[in-house]
Amino acid sequence: MSFSHTRGSARGTRVLPAYGEPMNICVFLSAADLDDRYTRPAREFAELLGKGGHTLVWGGSDVGLMKVVADGVQEAGGRLLGVSVDFLAAKARVGADEMVIARDLAERKALLLEKADAVVIMVGGTGTLDEATEILELKKHGRTDKPVVLLNTAGFYDGLKEQFRRMEAEGFLPRPLTELVFFAQEPVGALAYLEESRGVR
């Protein structure tokens, strides 16, 4: 495992991976211990990601749902690229292929987006929402074209989806909602959308 402090920026866009190449998929999600209705689909997505040869880019913690997903990716043969933060470094996963320690949450968020080819938003709390709105704001202003999927496990984001639709209908979004985010109900649909968006299939 490589381990470093670094700094970076989420500005601009990355060159798309060549056809057929695996992706760095950033997953924003909770570090809480959750029940099976949330952990089972998360692990399913993780296994699909790993079997597809992709790299998980995530918050680096080895607890809760973050651990579930990291375990699933690693056990299925995928790589782990973590971006933790100084005050959470003690919870960083020891067995990751690469672990970066950011100085603060703002830098962590920027590095997660910088290192990703695509983004998946899983169930989470205020931190996950903060990360999700950051990438959607960048897309809204044309600062990135990375595909974003919101995995709506067990209807967790039904209310948010309705709010986004209201924003669109009442003129708060300058671009169609479908250009900003794809809503997936199941893990297989989430990964299929990302792979098709990036020409992997």
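This is a predicted model: local features need pLDDT of at least 70, side-chain atom pairs count only at pLDDT 80 or more; totals for chains, interfaces and linings use all residues.
## Overall content

The protein has seven helices and eight strands. Of its 201 residues, 49% count as buried. Among contacts between residues at least 6 apart in sequence, 72% join residues at least 24 apart.

## Helix α1

Helix α1 runs over residues 36-51 and has 16 residues. Its end C-alpha atoms are 22 Å apart, which agrees with the 22 Å that these residues should span at 1.5 Å a residue. Gly53, which follows α1, has a positive phi, near 80°.

The buried residues of α1 are Tyr38, Thr39, Pro41, Ala42, Phe45, Ala46, Leu49 and Gly50. Their cover includes the strands β2 (24-28), β3 and β6 (118-121), and also the helices α2 (64-75) and α7 (187-197).

## Packing of α1 against α2

Two packed helices are described by the angle between their axes and the distance between the axes. For α1 and α2, the axes come within 7 Å and cross at roughly 30°. Angles under 35 degrees count as roughly parallel, so α1 is roughly parallel to α2. The crossing is right-handed.

On the α1 side, the contact is made by Tyr38, Thr39, Ala42, Arg43, Ala46, Glu47, Leu49 and Gly50. On the α2 side, Leu65, Val68, Val69, Asp71, Gly72, Val73 and Glu75 take part. Among the α1 residues in this contact, Tyr38, Thr39, Ala42 and Ala46 are buried.

In soluble globular proteins, nonpolar side chains tend to be buried together. The largest nonpolar core here has 31 residues, of which Ile25, Phe45, Leu56, Val120 and Met122 touch the most other members. Two or more residues each come from the helices α1, α2 and α7 and from the strands β2, β3, β5 (98-102), β6 and β7 (148-151). Apart from this core lies another, of 26 residues, including Cys26, Val119, Leu150 and Phe183.

Leaving aside neighbours within four places in sequence, Val120 is in contact with Ile25, Cys26, Val27, Phe28, Phe45, Val149, Leu151 and Leu194.

## Thr55 in strand β3

Thr55 belongs to strand β3 (residues 55-58). Buried means under 20% relative accessible area; at 6% relative accessibility, Thr55 therefore counts as buried.

Not counting residues up to four places away in sequence, Thr55 touches Met23, Asn24, Ile25, Leu49, Arg79, Leu80 and Leu81.

Conventions: Residues are numbered from 1 along each chain as its sequence is written. Side-chain values use heavy atoms; hydrogens and water are left out. Helices (H or I, at least four residues) and strands (E, at least two) are DSSP runs, numbered from the N terminus. Buried means under 20% relative accessible area, exposed over 50%, partly exposed in between (1.4 Å probe, protein chains only). Contact means heavy atoms within 4.5 Å. The expected span of a helix is 1.5 Å times one less than its number of residues. A nonpolar core is a set of buried Ala, Val, Leu, Ile, Met, Phe, Trp, Tyr and Cys residues joined through side-chain atoms within 4.5 Å. Axes are lines fitted to C-alpha atoms, for helices over the stretch in contact, and angles run from 0 to 180 degrees between N-to-C directions. Angles under 35 degrees count as roughly parallel, over 145 as roughly antiparallel, 65 to 115 as roughly perpendicular and the rest as oblique. A crossing is left-handed if the near helix is turned anticlockwise from the far one by less than a right angle, and right-handed if clockwise.
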